[in-house]
Amino acid sequence: YCLRCHNAKEPKGEFRLDALRRDFADSQTAQHWDEVISRMNAGEMPPEKELQPSPEELGRVVDWLTSRLREGQAARMA
């Protein structure tokens, strides 16, 4: 759902999800992923005119990302 607009070809909002690192222990990377979660939880992403994930899909993605962010925070504090 996200990569249709946030890719190397035409990154909407100058935000490339395909290039966003998955090193959740890195604080800057974690901040970007936290913003992704915030936008999804607020219903801002994906925009209404785009294909939407089911509530279950959205919940699984948010839960997975939240878990990774917690693990990253624990790694930073260790």
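I'm starting with a definition: buried means under 20% relative accessible area, exposed means over 50%, and partly exposed is in between (1.4 Å probe, protein chains only).

**Ground rules.** I'm working on a predicted model, where local features need pLDDT of at least 70, side-chain atom pairs count only at pLDDT 80 or more, and totals for chains, interfaces and linings use all residues. Residues are numbered from 1 along each chain as its sequence is written, and side-chain values use heavy atoms, with hydrogens and water left out.

**Helix 1.** I took helices from DSSP runs (H or I, at least four residues; strands are E, at least two), numbered from the N terminus. Helix 1 covers residues 27-41, which makes 15 residues. I checked its length against the expected span, 1.5 Å times one less than the number of residues. That gives 21 Å, and the end C-alpha atoms are 21 Å apart, so the two agree.

Next I asked which residues of helix 1 are buried. They are Thr-29, Ala-30, Trp-33, Val-36, Ile-37 and Met-40. (The arc is that of the directions from the helix axis to the C-beta atoms.) On the face turned away from the buried side I found Gln-28 and Gln-31, which are exposed.

What covers the buried residues? Helix 2 (55-77) is part of the cover, with contact meaning heavy atoms within 4.5 Å. After helix 1 comes Gly-43, and I noted its positive phi, near 80 degrees.

**Two residues up close.** Thr-29 sits in helix 1 and has a relative accessible area of 5%, so I put it down as buried. Setting aside neighbours within four places in sequence, Thr-29 is in contact with Leu-20, Arg-21 and Asp-23. I looked up Val-62 too: not counting residues up to four places away in sequence, Val-62 touches Ile-37, Met-40 and Asn-41.

**The core.** A nonpolar core is a set of buried Ala, Val, Leu, Ile, Met, Phe, Trp, Tyr and Cys residues joined through side-chain atoms within 4.5 Å. The largest one here has 11 residues, including Leu-17, Phe-24, Trp-33, Val-62 and Leu-69. Helix 1 and helix 2 are the elements that give two or more residues to this core. Helix 1 supplies the largest share, 5 residues. My reminder for later: in soluble globular proteins, nonpolar side chains tend to be buried together.

**Rings.** Rings of Phe, Tyr and Trp (its six-membered ring) pair if their centres lie within 6.5 Å; planes under 30 degrees apart are stacked, over 60 edge-to-face, and the rest tilted. I got 2 aromatic pairs. Phe-24 and Trp-33 are tilted, at 5.8 Å centre to centre with 40 degrees between the planes. Phe-24 and Trp-64 have centres 6.0 Å apart and planes at 85 degrees, so I call this pair edge-to-face. This pair links distant parts of the chain, 40 residues apart: Phe-24 lies in the segment before helix 1 and Trp-64 in helix 2. Phe-24 is buried at 7%, whereas Trp-64 is partly exposed at 44%. Together, ring pairs link Phe-24, Trp-33 and Trp-64 into a cluster.

**Cysteines.** A disulfide needs two cysteine sulfur atoms within 2.5 Å, and I counted 0 disulfides. Cys-2 is partly exposed at 27% relative accessibility, while Cys-5 is buried at 15%.
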